[in-house]
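Biologist: I would like to go through this structure with you and ask, for each term you use, what stands behind it.

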Amino acid sequence: MGEKDLRQVRLDHNGTTLFLMKEKVVYHQNTRTFFISDVHFGKAAHFRKSGIPIPEPIHKVDLETLSLLFDEFSPSSVYFLGDLFHSDWNGQWDILMDFLETYPAINFHLVQGNHDILPPSFYKNCPIAIHKQPVFLENLILSHEPLEDFSEGYLNLCGHIHPGIRLRGMGRQSLRLSCFYLENNQLILPAFGSFTGLALIKPGKEAKVYGITSEKVIPLLS
């Protein structure tokens, strides 16, 4: 992975080097580990049950993106930082599990989020290690929701917020982008899933914001 690659931005923090990628994932090159948050797979099926005609291919795009990343980088581990599947069971769970099982060399982990509410039997028989509490990985703390208090020297990788930022142009023109949001030793990842919303953030004085387009990651405040 070249440092001049426009599809990602290198982030050095307390001795740890991470790459923030346009695919809305974080890559730790030294350990060949991906960090991914808020996939919300299966959400479209829940909307269809409620009579809202959301097309299923919206999730197919997410699997295709994951497949391209896994094939290119051959990661040893993937940590999903919560909300991998959207709430109650539907048939999309089996599709997701079949997909993950095609990568037996990858160690998959899930730090459970508020939407990961399937009965324990589903998690027991899936190819994912389940973590109910935050995970410590070197000097990283992995959680779903942003932690309010943690030891100095650590970087908290988390999700849940679905951070976005509004860019304003001439007149009334504006553009909303997903973003990576770094502040107070906490990196909030964008929602990976295609069928998720944005929560527009108001950056703090010390914040660093990295906007995401289809082609690159753009440092907006850094």
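Modeller: What follows is a conversation about terms and the values set against them.

Modeller: This is a predicted model, in which local features need pLDDT of at least 70 and side-chain atom pairs count only at pLDDT 80 or more, while totals for chains, interfaces and linings use all residues. Residues are numbered from 1 along each chain as its sequence is written, and side-chain values use heavy atoms, with hydrogens and water left out.

Biologist: How many helices and strands are there in the protein chain, and what makes a run a helix or a strand?

Modeller: The protein chain has four helices and 16 strands. Both are DSSP runs, numbered from the N terminus, where a helix is H or I over at least four residues and a strand is E over at least two.

Biologist: What is particular about the phi of N14?

Modeller: Phi of N14 is near 50°, which is a positive value in a residue other than glycine. H160, in the loop between β10 (155–158) and β11 (163–168), also has a positive phi, near 75°.

Biologist: Why is H28 called buried, and why are N14 and H160 called partly exposed?

Modeller: Buried means under 20% relative accessible area, exposed means over 50%, and partly exposed is in between, with a 1.4 Å probe and protein chains only. H28 has a relative accessible area of 5%, so H28 is buried. N14 has 48%, and is therefore partly exposed, and H160, at 28%, also counts as partly exposed. Of the 222 residues of the protein chain, 49% count as buried.

Biologist: Which residues does H28 touch?

Modeller: H28 lies in strand β3. Not counting residues up to four places away in sequence, H28 touches T16, T17, L18, T33, F35 and E138, where contact means heavy atoms within 4.5 Å. Strand β3 (residues 26–28) is joined by two bridges to strand β2 (residues 16–21), antiparallel, and L20 has V26 as its bridge partner in β3.

Biologist: What makes β1 and β7 edge strands?

Modeller: Seven strands form an open sheet of mixed pairing, in the order β1-β2-β3-β4-β5-β6-β7. The strands β1 (8–13) and β7 (128–131) each pair on one side only, and are the edge strands. Neighbouring strands of this sheet are turned by 25° against each other on average, direction ignored; the axes behind such angles are lines fitted to C-alpha atoms, for helices over the stretch in contact, and angles run from 0 to 180 degrees between N-to-C directions.

Biologist: What makes a group of residues a nonpolar core?

Modeller: A nonpolar core is a set of buried Ala, Val, Leu, Ile, Met, Phe, Trp, Tyr and Cys residues joined through side-chain atoms within 4.5 Å. The largest has 31 residues, and those with the most contacts inside it are F34, I36, F70, F80 and F108. Two or more residues come from each of β2, β4 (33–36), α2 (57–73), β5 (77–80), α3 (92–101) and β6 (107–111). A second, separate core of 21 residues includes V135, L140, L157 and V217. In soluble globular proteins, nonpolar side chains tend to be buried together.

Biologist: How do you know that both faces of β10 are covered?

Modeller: On one side L155 and L157, and on the other N156 and C158, are all buried. Strand β9 (residues 140–142) pairs with β10 in the parallel sense over three bridges, and β10 pairs with strand β13 (residues 186–188) in the parallel sense over three bridges as well. L157 is the bridge partner of L142, and L187 in β13 is the bridge partner of L157.

Key
Pairing = 2+ DSSP bridges.
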